[in-house]
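Subject: Structure handover

Hello,

Here is the structure for you to look at. Please open it first, then read the notes below.

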Amino acid sequence: MAGRRRRLAVVRDASERELAVARRRARANLPSPVAVTRDVAMALLEVEAGCRSAAQLERIFSRELWEEIEHRIGRRGGPLPSGRALITVHCQEDTPGLADMVAVVRKGDLVRPVAIRLDAGGGRWAVTELRWWRNETDTATTPGRDGGTS
């Protein structure tokens, strides 16, 4: 195996194995996580500018995350963000169907990250974690891949 390393994943119980299989199956039929992240980041900017209803984000967020942040996403006013507001999107998908994403966006004179975890376990991409420049929207604790928190 010259030049090729195998990655081992520790799967603790049957439910985790089932979820990993569901993610892998769903992933083949889903759009690029980069495209989904681009859309979510732009939608967040549009909500903050008052050009879009926050309720439109509910369908892409996991139920648990939406319940935690729906009252924190607010309209602040401002100009409609242009396509230039999105600078870049970075993707890390070590496990098929579980993608850690960072979109870098421009809001006025500031450049900020929007960190998103997308999970395909339910047969579609769902935002299960969100961190962006407004601290009050950060999820309280972020479960790590090893079950800990970060």
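Along the sequence, the chain runs in the pattern α-α-α-β-β-β-β. That gives 3 helices and 4 strands. Helices (H or I, at least four residues) and strands (E, at least two) are DSSP runs, numbered from the N terminus.

Two notes on the source. The model is predicted, so local features need pLDDT of at least 70 and side-chain atom pairs count only at pLDDT 80 or more, while totals for chains, interfaces and linings use all residues. Residues are numbered from 1 along each chain as its sequence is written, and side-chain values use heavy atoms, with hydrogens and water left out.

Burial

Of the 150 residues in the chain, 37% are buried. Buried means under 20% relative accessible area, exposed over 50%, and partly exposed in between (1.4 Å probe, protein chains only).

The hairpin

Strand 1 (residues 86-95) pairs with strand 2 (residues 98-107). The sense is antiparallel, over 7 bridges. Two strands pair if DSSP finds at least two bridges between them. Val89 has Ala103 in strand 2 as its bridge partner. The two strands form a hairpin, with 2 residues between them. Gly97 sits in the turn and has a positive phi of about 90 degrees.

Salt bridges

How many salt bridges are there? The count comes to 7. The rule asks for a side-chain nitrogen of Lys or Arg within 4 Å of a carboxyl oxygen of Asp or Glu. Side chains of opposite charge can pair when their charged atoms come close.

Look at Asp119 and Arg23. Their closest N and O atoms are 2.7 Å apart. This pair links distant parts of the chain: Asp119 is in strand 3 (residues 110-119), Arg23 is in helix 1 (residues 14-27), and 96 residues separate them. Both Asp119 and Arg23 are buried.

Next, Glu93 and Arg27 meet in a salt bridge at 2.7 Å, N to O. Glu93 lies in strand 1 and Arg27 in helix 1, 66 residues apart. Is Glu93 buried or partly exposed? Glu93 counts as partly exposed because its relative accessible area is 24%.

Then take Arg117 and Glu129, at 3.4 Å, N to O. Arg117 is in strand 3 and Glu129 in strand 4 (residues 126-132), 12 residues apart. Both Arg117 and Glu129 are buried. Salt bridges with shared partners join Asp100, Arg117 and Glu129 into one network.

Cysteines

The whole structure has 0 disulfides. A disulfide is a pair of cysteine sulfur atoms within 2.5 Å. Cys51 is partly exposed, at 42% relative accessibility. Cys91 is partly exposed too, at 38%.

The second largest pocket

This pocket holds about 190 Å³ of space. A pocket is an open set of points on a 1 Å grid over the protein atoms alone, where a 1.4 Å probe fits, with protein on both sides within 12 Å along at least five of seven lines; lining residues have an atom within 4 Å of a point. The volume is the space filled by probe spheres set on the points.

Which residues line the second largest pocket? They are Val36, Asp39, Val40, Ala43, Arg52, Gln56, Leu57, Arg59 and Ile60. The lining divides into 5 nonpolar, 1 polar and 3 charged residues. Here Ala, Val, Leu, Ile, Met, Phe, Trp, Tyr, Cys and Pro count as nonpolar, Asp, Glu, Lys and Arg as charged, and the others, Gly among them, as polar.

Asp39 belongs to helix 2 (residues 33-49). Asp39 is partly exposed, at 46% relative accessibility. Asp39 and Ala103 are 64 residues apart in sequence and 10.0 Å apart in space, C-alpha to C-alpha.

Best wishes
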